[in-house]
Structures are given as structure tokens and as C-alpha cells.
Amino acid sequence: MLRLLSFALLLAIWWIAALFVGAAKLPSPPAVLDVVVAEASSGALFLHLGATLARVSLAFVLAMSLGSAIGYLMGRVKLADRLGDPWLILLLNLPALVVIVLAYIWAGLTEAAAIAAIAINKLPTAIVTLREGARALDRSLDEMASVFAMPRWRAFRHVVLPQLAPYIAASARSGLSLVWKIVLVAELLGRPNGVGFEIGVAFQLFDTPRLLAYSLTFAAVVLVIETALVQPFEARATRWRPRAA
Amino acid sequence: MRLEVEITGKTFRSAAGGTQRVLAPVSFALQSGEVGVLIGPSGCGKSTMLRIILGLDRDFGGHVSRPPEARIGMVFQEPRLLPWRSVEQNVRLAAPDVTDAKLAELFRILELDAHRSHFPGELSLGLARRVALARAFAVEPDLLVLDEPLASLDDALAGRLRDEIATLVARRPVMTLLVTHSLDDAIRLGDRLFLLSPRPARIVREVPIAIPRAQRSEAELGRIRAELAALQLESK
């Protein structure tokens, strides 16, 4: 209820601001909605949304799985941590734009280059988070698993993974927002479709309603994914914690 | 089956760079069906000794031989349950071969029936300790190691759990190693007591108790207790 109220307040502020600033700079909510409906009925909205979503999910899955594996290894094995750390610092501080531009130069304006560039941007934060998770693993439970001669996979699944779950969830959540920001830049610079491409076109035409229509629909999609997928996963991963009364 | 412990020494390197001797030469052996008890002042190195016997610490002098196929059941000082798995899952994960009947019996003896599907965070320490016991017994161990399993429980509960341990140990031939600083637990459960010195630990004296566990009357226990008290004064 409170959330709805706060959302309504946002809409009201937008509408009032639009009246003051003028439709050319900030169109009113109904004007943006008109564009959304028009784009949706022509099918263009879904095409671009779909293209962007496909890139987001591919890059996200790639970065999460690779980053989790590397982060876990670095948290568990000292040698891996020593070897990987300089690379990690380099990757962490490399601007997203540099990665994207280099990927397009080296691999051409291809889908693979775009997805790889997005994934590389997300990779280091996933590694850092999972490394922290692996470092925080409870050694006394490792010892328990070892004394009871639990096979490696069973110990990983039941002893290690539940301890990593909060870190995986945190990394997924921050990663999703990062990927969603970067995918638009990658599309703007070198893809013929997707929300980022549409925003680039709207920018060149100074078409603010179109720009808002695309970015707000995508924000809505991200919100849905967040509440429908990420939050339930988090809730399930932490369901054993006694709840505060 | 037989456990042979022959430790010639164990030192820790401290953060300052010095070395500290934790264990002096210690050797003893344990047969199937026997309960050995390690008694010593806190901090004397009992837990270090257990870690070596369990194979968790391989950086020591000497050797420990236990049959490689020996199954180990362990009750740690803290229960060390998986907080994200239910009571039943905790037991089954350590003992995947346990039958439903065996599990039901264990839960009945340890009065855990009502708590099968609870998570460890919802249990009191006494209950969590009992789950740890159930887990150790469910694996049908050849070597059972109990590290102060009754510490910080009230006397009544500790007494009941001690009887339950005695019942469970009597069911099958198992080498049991109990670490405690309660003389009472030691003389009620043990077949052979190993009295340890302060750090670096060595065995000051080995005291066998010839009377079978079930037949120890209060009078007998009193006599053994007095004997031990005399021994401990003497060794000081």
C-alpha cells in the first residue's frame, strides 16, 4: 500500500514538472503512455525488449557462472587468490566503455562481442562477492563433513552451497542492475536493435517521449524480474533463519 | 578393530614466530567395545589430540593407526549442525545408509520425535546436543568420539543423556573415546581413564575400571571417585 502511494507520488511530481518544463523536454505521463501503446501494437517494442533481454540473460548467466566459479576458487585456494588478484583489480577498474569499444574493435560489431563485453563488465564484481563468501565459510562445518566422510559433492551441495547462497543472491541482484545499465551502452554503440539502439535513435531525434517510453518499459521489466525471480530465490535461500517476531 | 595412538609431539607456531609445545609424547590404544576417557585440565591439548586422531590435523610427530574402513561418529563440543537443514536431514546427510526403523529408534531414545522437521536454530542447546548424538550414532560408527558432549547442560539432563550414551554404546562393539573434565561422566561411562597433565599434555596415569558399566553401584562409584581424588592429589 505504502509502495503504491509512493509510486503515485512519483507520477504526480513527474506530471507537475512536465506542466512547468514543457512537453518538448519532459512529456507528461499520458503522452509517454501513448508512445508505449503505439510501439507495442506495431510489435517494435517487444522486438527491442526481447533483443535486450536475450543479451542481458546470456551475459548475466555467463558472468555469474564464471564469476562464481573463479571467486569460489580464489576464496578457497591461496595460490589462485595470489595469481588472480592483480587481474581482478585491473578488471574492476576498467571502465565499461573501454571494454565495449575494445570488444567491438577486436571482434567486430557482432552479437558475441556485445555479450562478451557485457559479461566481462559484470565478471569482476561477481568474483569479488563470491570470494568474500568463500572466505567466510565455516571451517568447523568443513571439519564435520570431513569427519563424517561426506562425499565431495554432497558436502558442497549441503554444507558449502547454502553458505554461499546469500552471496550469490547479492551478486545476482547487483549484477542484474549493472548488466542492465551496460547492455544499453553496448547496444547504442554497435547493435542494430534493442532498447539501447532505440534510445540512441530517440536521442538523435530529440524524441523524449520515445526515450522515456523505452527506458520506463524496460525498468518495469527489470522490476518484475527482480520481484518474481531474485527475491523468491533469496527468501528460499534464507528460510532456515529464525524469523524476527 | 583397534585404534593405536602414538604421538611423539605436537608444536604450534605462534603468531610472534615462537613455537609452543601442545602435546608431549602420548600413546595409548583402544579396542572395540572399550570406552576410553581422556580427562585433563582445560587447555591441556585434548582437542588437539582429538583433531589428530580424527585426521583433521596431519602436522604432528608420530602416527595414529585406525583401520581405513573404520566409520567415525563424532560429537563435537559445539553441536556443529547444518543450520539450513532440518534435524532429520542433518542426521541423514551424515548417515545416508540409516534405515527408517533405526532412525525412528534413535529419535525415540533421544526424544527427538517432535523435532524431526525443525531447523537447528529453533532448538535449545540440549536438543541440539541430542541431534549431534543421534547423528553420531546413526552412522553406526566403529570409532565414536565424544568431545565434552554433556558440557553446559544441567545435571538432570546431563545424567539422562549419559545413560542414553551408555545404552547406545552397549548395543554394538564400538571404540569410544570420550573427552571430559567431569570425573562423574568419566567413571560412569569409562572402561579406561587416561589422566592428562597440563599442557604440554602427557598421560600421567592410566586407570582401568574392571567392573562392567551396568553393574557399577553408587557405592562402587564412590570408591572409584575417592581413589581418583587421591591419585590426583598425589600427582600434584
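**Figure 1. Overview of chain A.** Chain A has 10 helices and 0 strands, where helices (H or I, at least four residues) and strands (E, at least two) are DSSP runs numbered from the N terminus. This is a predicted model, in which local features need pLDDT of at least 70, side-chain atom pairs count only at pLDDT 80 or more, and totals for chains, interfaces and linings use all residues. Residues are numbered from 1 along each chain as its sequence is written, while chains are lettered from A and ligands numbered from 1 in the order in which they are written. Along the principal axes, the C-alpha atoms of chain A fill a box of roughly 70 × 55 × 30 Å. Of the 245 residues in chain A, 33% are buried (20 or more other C-beta atoms within 10 Å of the residue's own; exposed means 12 or fewer, partly exposed in between, with C-beta atoms placed from the backbone). Among contacts in chain A between residues at least 6 apart in sequence, 73% join residues at least 24 apart; a contact requires C-beta atoms, placed from the backbone, within 7 Å.

Figure 2. An unreviewed UniProt entry lists residues 47-75, 87-106 and 211-233 of chain A as "transmembrane region"; positions are in the numbering used here, feature names are shortened, and annotations may be inferred rather than shown by experiment. Residues 47-75 of chain A are 100% helix and 0% strand, with end C-alpha atoms 41 Å apart. For residues 211-233 of chain A, also 100% helix and 0% strand, the end C-alpha atoms lie 32 Å apart.

**Figure 3. Crossing of helix 3 and helix 4 of chain A**. The axes of helix 3 (residues 44-76) and helix 4 (residues 78-93) of chain A come within 6 Å and cross at roughly 120 degrees. Axes are lines fitted to C-alpha atoms, for helices over the stretch in contact, and angles run from 0 to 180 degrees between N-to-C directions. Helix 3 of chain A is therefore oblique to helix 4 of chain A (under 35 degrees is roughly parallel, over 145 roughly antiparallel, 65 to 115 roughly perpendicular, the rest oblique). Helix 3 of chain A contributes A:Ile70, A:Leu73 and A:Met74 to the contact, and helix 4 of chain A contributes A:Ala80, A:Asp81 and A:Gly84.

**Figure 4. The open sheet of chain B**. In chain B, 6 strands form an open sheet of mixed pairing in the order 6-7-8-4-9-10; two strands pair if DSSP finds at least two bridges between them. Strand 6 and strand 10 (203-208) of chain B are the edge strands, each pairing on one side only. From one strand to the next the twist averages 15 degrees. Helix 1 (residues 46-54) of chain B lies across strand 4, strand 6, strand 7 (143-147), strand 8 and strand 9 (192-196) of chain B, at about 155 degrees to strand 7 of chain B.

**Figure 5. Surroundings of B:Val179**. B:Val179 is found in strand 8 (residues 175-180) of chain B and is buried, with 25 other C-beta atoms within 10 Å. Strand 8 of chain B pairs with strand 4 (residues 35-39) of chain B in the parallel sense over 5 bridges, and B:Val179 is the bridge partner of B:Leu38. Beyond its neighbours within four places in sequence, B:Val179 has contacts including B:Lys46, B:Leu50 and B:Leu146.

**Figure 6. Strand 5 of chain B**. Strand 1 (residues 2-13) of chain B pairs with strand 5 of chain B in the antiparallel sense over 5 bridges.

Note on methods. Contact = placed C-beta atoms within 7 Å.
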